[in-house]
Amino acid sequence: MASTTRTRRRVFPTRLWTAVNGLASASYRGAIVEPVSDSPSPPRAARDRSILDGLDPEQRAAVLAPRGPVCVLAGAGTGKTRTITRRIAYLIDQGQVNPGQVLAVTFTARAAGEMRGRLRSLGVGADGPSVLAQTFHAAAMRQLRYFWPRAFGSASWELLDNKFPLVGRAARKAGLDSSTDTVRDLMSEIEWAKASLIGPEDYVAAVTRVTRETPAPAAQVAKAFAAYEDAKVSPDGDRLLDFDDLLIYMTTIIESDAGLADEFRSRYRCFVVDEYQDVTPVQQGLLDAWLGPRDDLTVVGDANQTIYTFTGATPKYLLDFGRRFPDAALVRLERDYRSTPQVVSLANRVIGAARGRIAGTRLQLIGQRDAGPEPEFAEYNDEPSEASAVASAIKRLMNSGVPASEIAILYRINAQSENHEQALTQAGIPYQVRGGEAFFTRAEVRQAMRQLSLVAQRGIRDDVELVTVVRSVLGELGMSDDEPTGAQAKARWQSLRALSGLADDMLADNPALTLAELVTELDARSQARHPPTVQGVTLSSLHAAKGLEWDAVFLVGLTEGSLPISQAIKGSFDDVEEERRLFYVGVTRAREHLHISWATARNEGGRARRRSRFLADLVPDDSPASRIAPTSKRAPRRGPTCRVCGSRLLDSTATLLGRCADCPSDLDEGLLVALKEWRRTRADSKKVPAFVVFSDKTLLAIAEQRPTDSAALVSISGIGAAKLNEYGEEVIELVKTAGQK
C-alpha cells in the first residue's frame, strides 16, 4: 500500500488501522464493473412521463437544485424517496451525470430496492448502466472485492457472517462467561464501538466519557474486544472481516492510496444518502473518502426521527451540513401526504415539546389529506383490559372495511406483545409479529416452559405454593427482582417476567390448577397463537416500525418505565429525548386512525403506575380520556399515598415502602436483620431461593412499617393471601418481638 496517507485516517482506532495498514501491496488483478464514459449523456428530449409532474414547490426545488451540496430536511410522510429519485432522474435527464456515476446509499436493503424500482419506472438505466443504489455495507463489500488485490496483495479475506463463536472465545479469554446473552451483548457493544470509531485500546476511556452502560466491566469488554480482533487474523495474514470491517478497510484503501482513490472517484461522481440522520462515524468516514475534495452530495434526513443512537448513529452530520458546506442548498419538506391533519397536528405537538433542538432543523408538518377522526386516548385499569379493548376496536375497524393488514399495534419492548397476542387470538383476529418473535416462540419462553414441564413430571410437595414454584423455576433462568444490565439480558428478563405474570393471572382465575395443568394450559395457548400464514394485524416494536405506515395504528403501553423506558429515565436528558422521538415516529406511522392507550397497573389490583410524561400536554389532567372500548370502565382511584407526607406514590419501590424516596425512613435495623435470618431459614427448609419467600424490598417495607396484624401486613404490596396464610403469623410475631426489645 502506498505510504502517503491522508491525515483523516488518524481517526481510525489504532489496532484496527494497524491491522489494515500492515498488509503488503501487490499488483493489480481483477476488473471493475462496466466502464463509464467521462462525458455525461446528452439531454433526452422526451420521456414516458415528466420527471417534474406532481411535485409540490418544495419537492420541485430539491429536484431542480444544481449539482453540488444539497440538504433536504424531509419530515415524515413528505415524499422524500419520491423527491430524491426524481432528483437523480432529473440530473441524468439533463445530461449532468451518467447513471453509472451515481452512488445512492440508504440503510436497509428494502429501501435500496424501492429506490431502484422507482428509478426504473422513471426510465433510468433503461439504455445502459444504471444507478447503484445499495446499503453502505453492500456498496463497501462490492468495492472491497475489486480493490483488495491491488491494496493487499496475496493476503485473502473472507466475510465473517457469524461472529458468535469468535466473540464467545474472546469473552472466555477476558474472564467473562460465554452465555448466549453475554456474547450477544458483547457483539452489540463491539459493533457500537467500531461504528463509533473506537478501538479496544480506547474503549474504556470512551465509555467513561459518554457514561455508557456496558454489558460487563469496561476493562473486560475491552479485553474481549481486543481478543476478538486478534482472532480474525490468521498466522499467514489472511483476514476474516465482519460487516463493520468492510467500511473500515474500504475507507483505509481510499484514504491511503492516491491512485486507487483517483480511480474510484473517476468512477463515482454524484452521491446521494438517504436517512442521513442515522449515519454513524464509520459510515461518515467512508462517505468522506468517497467524496474526497468534491461536494456533489445530496443528503436527506429528519433529526426528529433519530432513534438509533444506541448503535452509534448521530444526527450531527445532518445538523452540521450547512457549516461543512456553506454554499449548500437547503430544502425543507413539510407537506405531509401520509396522515390526516388530525394525526399531523398531534405529531407536531409531540415533537414540539422536545428540548435541545436546533431551531433551524425543526420541521412543522402540514397535513395535506382530507380531515379524519381525532386521535383517541384511553386509560385502563390493567394491561389485559387494555389489550382486550384494543382487540375490540380492531374488530370494529375491520367490520367497517379496514383490512387487517392495514392495522398495527406498536409497543416499546417486545415483551409487551404477549397480552395483545392473547387478546387477538381470543377475538379470532389474525396477526403477525414484526421485528421479533411471537411471545411463545422466544427462546427464553420455550426454555422456561420445558423446565416447568420437567418440574411437573418430577412432582412437587403439596405444601409448596404453585406461584412460588413458578417463580423459583423462572428465577433460575434469569428472572429476578431487579432489572439486569445488558440488552439481551433485559429482553430475556422482560419475557420471563411476562410469563410469570401470565402464570399469576391463570392461577388467580383458577387457584385449583396443578403445575401439570398449568403447563398444559400454557402449551395450549402457545399452540393457539402460532402466527398465521395469511396477512393480519401487525404487532411491532416502535423501532421495527420505522419506515412503515398503516391506515390505523394503536400505540399501547404509554406509561413511565415503558415509554420512556426505565433505563432512559435513569440515564441522561438525551436518552429521554430519544424516547420522545420514538413516540413521534410511532404517531407518524398512522395514516388515518390513531389510538393511544395505557394501563395504570400490569394486572388487576397491581401496583399503580403513571401514564407517560409525553402525554402531559396531549391529554389534560382535567379532561377524561376517551374510551377505545365503550364497555371498558375504570373505577376512580387515587392510588397509594405516602404514609409520611400524604403525596401520591407513583414509583414501584416507593409504593412498596409506603413512602416517598425523599421522606424520612423509620427503619428498624434490628428487625430487618431478624427478618433476613428468618427468611434464610425458611428458604433452606423449602429448598427455594430466598427471594421466593420474600424479596429484599418486601423485608425492608416490613422493617419500616412494622405491621402487627394481618390487615397491616397484607396492605404491603407483594404480600397476598397465600403468603399471609403461610408466613403471616411468623412475621407478625417477629415484629412484635422486635418491638418489645
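Predicted model: local features only at pLDDT ≥ 70, side-chain atom pairs only at ≥ 80, totals over all residues.
Which residue in E15 does Ala 408 stand opposite? The points below begin with that strand pairing and then turn to the cavities, the cysteines and the aromatic rings.

1. Ala 408 stands opposite Val 553 in E15, and in E14 the bridge partner of Ala 408 is Thr 538. E12 and E15 (residues 550-555) run parallel and are joined by four bridges, while E12 and E14 (residues 537-541) also pair in the parallel sense, over four bridges.

2. Residues are numbered from 1 along each chain as its sequence is written, and side-chain values use heavy atoms, with hydrogens and water left out.

3. Strand E12 (residues 407-411) is largely enclosed by the rest of the structure, because five of its five residues are buried; buried means under 20% relative accessible area, exposed over 50%, and partly exposed in between (1.4 Å probe, protein chains only). In a regular strand the side chains alternate between the two faces of the sheet. Both faces of E12 are covered, with Ile 407, Ile 409 and Tyr 411 buried on one side and Ala 408 and Leu 410 buried on the other.

4. A search of the whole structure finds two cavities of 30 Å³ or more. A cavity is a set of points, on a 1 Å grid over the protein atoms alone, where a 1.4 Å probe fits but cannot get out, and lining residues have an atom within 4 Å of a point; grid points are joined across faces, edges and corners, and the volume is the space filled by probe spheres set on the points. The largest cavity has a volume of about 50 Å³, and its lining consists of Glu 383, Glu 386, Gln 416, Asn 419, His 420, Val 556 and Gly 557. Helices H16 (383-399) and H17 (417-426) are the elements that give two or more residues to this lining.

5. The second largest cavity has a volume of about 40 Å³, and the residues that line it include Leu 410, Tyr 411, Arg 412, Val 556 and Gly 557.

6. Helix H17 is mostly covered, since eight of its ten residues are buried, among them Asn 419 and His 420. H17 is followed by Gly 428, whose phi is positive, near 70 degrees.

7. For the cysteines, the count comes to zero disulfides, a disulfide being a pair of cysteine sulfur atoms within 2.5 Å. Cys 71 is buried at a relative accessible area of 5%, and Cys 270 counts as buried at 2% relative accessibility.

8. The structure holds 17 aromatic pairs, where rings of Phe, Tyr and Trp (its six-membered ring) pair if their centres lie within 6.5 Å, and planes under 30 degrees apart count as stacked, over 60 as edge-to-face and the rest as tilted. The rings of Phe 264 and Trp 290 are stacked, because their centres are 6.3 Å apart and their planes stand at 20 degrees. Phe 264 lies in helix H11 (residues 258-267) and Trp 290 in helix H12 (residues 281-291), so this pair ties together parts that are 26 residues apart in sequence. Phe 264 and Trp 290 are both buried.

Note on methods: 1 Å grid on protein atoms, 1.4 Å probe; cavity = no way out; pocket = protein on both sides within 12 Å on 5 of 7 lines; lining within 4 Å. Pairing = 2+ DSSP bridges.
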